[in-house]
Amino acid sequence: MRRPTAFAAGLLLLATALGTVGGPVAAADPTDPVTVTVNTRAGLATVPATALGVNHAIWDSQLGSAETSDLLKAAGVKMLRYPGGSYADIYHWETHTAPGGYVAPNTDFDTFMAGARRVGAEPMIIANYGTGTPAEAAAWVRYANVTKGYGAKWWTVGNENYGNGHYGSAWEADDHPDKSASQYARLVIEYADAMKAVDPSIKVGAVLTMPGNWPDGITAGSDPGPWNQTVLSLAGPKIDFVDVHWYPGGSAADSLARTNHLPDAAWLLRQQIARYAGPGADRIGISFTELNVDAGRTTAPGALFLADAYSGLLEQGVFTVQWWNVHNGIGTVSEVAGQTDYGDFGLLSSGNCTSDGEVCQPAFNTPFAPYHALSMMNLFARPGDQFVRAGTDEPLVAAHAVRRPDGSVAVLLLNKDPDTAYPVALDYAGFTSADEAPTVHTFANGATGISTARSGEATARTLPPYSLTSEIQIGPTGRKLLPLTPVNGLKLPAAAQG
């Protein structure tokens, strides 16, 4: 997790086996249109109802407030994680305490659930592994689903538990004398058995690490292999999904380039699941429940990263992607592409100031740029839409596309260049656009909201610097789209289908 700025700096991910990125990629001549190719016959994953998620944390006294909930609903949030990253491993739900951490008023489980219901979002609840027990987790399931009838379906055992010191670095609470991956896996089985004895309909997830990121590939102690291999080999038959986090780190240019790793990372993760989780492993879903950047968190780079990463992961069949987090607090203030960046991991302003009082954030709950990117995702990729293959011939311009049940196609275009506008020419395979001007939603650097207009042509667009153009919605021609061909046999796991 990324703790509030006052508590600690974020965890540093090591250089990955997927490759390192040095600096900005050289751009092509901006006078030549960038070619965007959309293959409406190359099918990727279908957008699930739980696709757009965010994190709530128990240090946020407004997590259940009407104003915050209504903002999240307006952005299309459909899954909310609680009680907040690493705090989950010190949090005791029944007493609503987190020894060693700060618990704000009005953040208990019932308040969270009231907010989630107002948002219209499913909860994802993190059971306390670090300082809790299977019995405590089972009691939480009983309270949530038997006593209160909340129907809370998604439960994860712990948070980033590979960060308990087993591999050297220690930020995650873990009171167990044995901190090995094997012990975590054995206890995941106990947690799953105890929790499902109360409510067999729930889905239980285990913590894995992002392939190619620390500590993937490292074997410690008496474990039979690295963290992911060990957890999947032992607990695979008992779990319904795996839970992964990703903070790519580096400069704004670095993080925006590293989204290119996502197809390979998702493929590697599925290979690990298939190889180690035993018979029926294809039922196991994948959730990415924490993402954020180190540079440009409240400005255009954070927005571009969110839209690119959410799209890239959902294309690969991940059933929920969740930003870290809603409110977090001011960090290191800087200027990014002419805009003040508050170094805040939150989607919404906390309205606080630096310790010296020199810089203050805008009013509480003012949306930052990533919030608008999340809203763009809600306009672009709706539940039931199917992602299709899209790409460009310019490294600083990214494209994603979906085809909708009504036969229309929507395209998301990202300009990752802070200085240059790019004209683009869109080419479609298996689809001919209608004659009318498409509806275009745009979020540009420094904007305080999304602009919407019907303008231009479906096959040509100019992308402002550091911008999202989401969506170019092209109406059907009266003909059905040609049939889809699944790419790489991609199939949505049963756990993701609900």
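Trainee: Where does asparagine 106 lie?

Mentor: In this predicted model, asparagine 106 lies in the loop between strand 3 and helix 2. The asparagine 106 residue is exposed, because its relative accessible area of 53% is over 50%.

Trainee: What is the phi of asparagine 106?

Mentor: The general idea comes before the case. Most residues other than glycine have a negative phi, and most peptide bonds are trans. Asparagine 106, although not a glycine, has a positive phi of about 60°. Histidine 96, placed in the loop between strand 3 and helix 2, also has a positive phi, near 50°.

Trainee: Which peptide bond is cis with omega near 15°?

Mentor: That is the bond from tyrosine 82 to proline 83. Proline 83 is found in the loop between strand 3 (79-82) and helix 2 (109-119). A further cis bond runs from tryptophan 324 to asparagine 325, with omega near -10°. Asparagine 325 belongs to the loop between strand 9 (320-323) and strand 10 (334-336).

Trainee: Is asparagine 164 buried or exposed?

Mentor: Asparagine 164 counts as buried because its relative accessible area is 7%, and the cut-off is under 20%. Its place is the loop between strand 5 (154-157) and helix 4.

Trainee: What does the side chain of asparagine 164 reach?

Mentor: The side chain of asparagine 164 reaches the backbone oxygen of asparagine 161 at 3.2 Å. A second polar contact, of 2.7 Å, joins the side chains of asparagine 164 and aspartate 174. Leaving aside residues up to four places away in sequence, asparagine 164 touches Ser169, Ala170, Glu172, Asp174 and Lys179.

Trainee: At what angle do helix 4 and helix 5 pack?

Mentor: Helix 4 (residues 181-198) and helix 5 (residues 227-235) pack at an angle of about 30°, their axes being 8 Å apart. The crossing of helix 4 and helix 5 is right-handed. On the helix 4 side, Ala181, Ser182, Tyr184, Ala185, Val188 and Ile189 take part; from helix 5 they meet Trp227, Thr230, Val231, Leu234 and Ala235. The residues of this contact comprise nine nonpolar, two polar and no charged.

Trainee: Which residues of helix 5 are buried, and what covers them?

Mentor: Trp227, Asn228, Thr230, Val231, Leu232 and Ala235 are buried in helix 5. Their cover includes helix 4, strand 6 (203-207), strand 7 (241-246) and helix 7 (262-276).

Trainee: How many residues has the largest nonpolar core?

Mentor: Again, a general idea precedes the case. In soluble globular proteins, nonpolar side chains tend to be buried together. The largest nonpolar core here has 115 residues, and Phe288 and Met377 have the most contacts inside it. Helix 8 (residues 300-315) gives the most to this core, with ten residues. Apart from this core lies another, of 20 residues, including Ala401, Val409, Leu413 and Ile474.

Trainee: What does phenylalanine 288 touch?

Mentor: Not counting residues up to four places away in sequence, phenylalanine 288 touches Met210, Val244, Trp246, Leu269, Leu313, Val318, Thr320, Val321 and Gln322.

Trainee: How many helices and strands does the protein chain have?

Mentor: The secondary structure of the chain comes to nine helices and 20 strands. Of the 498 residues in the chain, 58% are buried. Among contacts between residues at least 6 apart in sequence, 74% join residues at least 24 apart.

Technical notes:
Residues numbered from 1 in each chain as written. Predicted model: local features only at pLDDT ≥ 70, side-chain atom pairs only at ≥ 80, totals over all residues. Heavy atoms only, no water. Axes fitted to C-alpha atoms, helices over the stretch in contact; angles between N-to-C directions. Helix = DSSP H or I, 4+ residues; strand = E, 2+ residues; numbered from the N terminus. Left-handed = near helix turned anticlockwise from the far one by under 90°. Contact = heavy atoms within 4.5 Å. Nonpolar A, V, L, I, M, F, W, Y, C, P; charged D, E, K, R; others polar. Buried < 20%, exposed > 50% of the residue type's maximum accessible area, 1.4 Å probe, protein only. Polar contact = N/O pair within 3.5 Å; in protein donor to acceptor, adjacent residues only side chain to side chain. Core = buried A, V, L, I, M, F, W, Y, C linked by side-chain atoms within 4.5 Å.
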